[in-house]
Amino acid sequence: NQAPKGCTAIALKGMGAYLDLRGHLDIAAEQAKIQVKLEKLGKELAPLEAHLANESFTAKAPPAAVAKAQADADNLREQIATLSQAKADLDALGHA
């Protein structure tokens, strides 16, 4: 879903909301914070994806370990998507 003009999305477990932030924050500083978080999450995701792409791992590891790695990777991807959308919303907010 696209946030209304001048708003950013807030995602919580089981719900989402929009917050009007115009005039209430330093957009560039917030985008920089989000970028740092995105880079950290990307570094956490890379080894999980490497493990999951490794046929030796998926064939030999206990199914619970593979499922946990997949769940962790899915969680990180969801966080990355949410933060990426927030960053895009902030960019749009800066042009609102």
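D72 and K68 sit 4 residues apart in helix 3, about one helical turn. Helices here are DSSP runs of H or I with at least four residues, strands are runs of E with at least two, and both are numbered from the N terminus. The side chains of D72 and K68 meet in a salt bridge, 2.8 Å from N to O. A salt bridge requires a side-chain nitrogen of Lys or Arg within 4 Å of a carboxyl oxygen of Asp or Glu. Side chains of opposite charge can pair when their charged atoms come close. D72 is partly exposed, at 29% relative accessible area. K68 is exposed, at 51%. The classes are buried under 20% relative accessible area, exposed over 50% and partly exposed in between, with a 1.4 Å probe and protein chains only.

This is a predicted model, in which local features need pLDDT of at least 70, side-chain atom pairs count only at pLDDT 80 or more, and totals for chains, interfaces and linings use all residues. Residues are numbered from 1 along each chain as its sequence is written, and side-chain values use heavy atoms, with hydrogens and water left out.

The salt-bridge count comes to 5. Another of them is also in helix 3. R77 and D74 are 3 residues apart there, about one helical turn. Their side chains form a salt bridge at 2.8 Å, N to O. R77 is partly exposed at 33% relative accessibility, and D74 is partly exposed at 40%. Salt bridges with shared partners link E49, D74 and R77 into one network.

K33 forms a salt bridge with E30, and their closest N and O atoms are 3.2 Å apart. K33 is partly exposed, with 49% relative accessible area. E30 is partly exposed too, at 26%.

Back to helix 3, which spans residues 63–94 and includes Q79. Q79 is partly exposed, at 33% relative accessible area. Q79 and K37 are 42 residues apart in sequence, yet 9.5 Å apart in space, C-alpha to C-alpha.

Next, the largest pocket. Its volume is about 450 Å³. Of its 20 lining residues, A9, A11, T82, L83 and A86 are the closest to its centre. A pocket is found on a 1 Å grid over the protein atoms alone, as an open set of points where a 1.4 Å probe fits, with protein on both sides within 12 Å along at least five of seven lines; lining residues have an atom within 4 Å of a point. Grid points are joined across faces, edges and corners, and the volume is the space filled by probe spheres set on the points.

Which elements supply at least two residues each of this lining? They are strand 1 (7–12), helix 1 and helix 3. Helix 3 gives the largest share, 7 residues. The lining divides into 10 nonpolar, 5 polar and 5 charged residues. Ala, Val, Leu, Ile, Met, Phe, Trp, Tyr, Cys and Pro count as nonpolar, Asp, Glu, Lys and Arg as charged, and the others, Gly among them, as polar.

Finally, confidence. pLDDT is the predictor's confidence in each residue, from 0 to 100. The chain averages 87, and 90% of the residues score at least 70. Where pLDDT is low, the predicted coordinates should not be read in detail.
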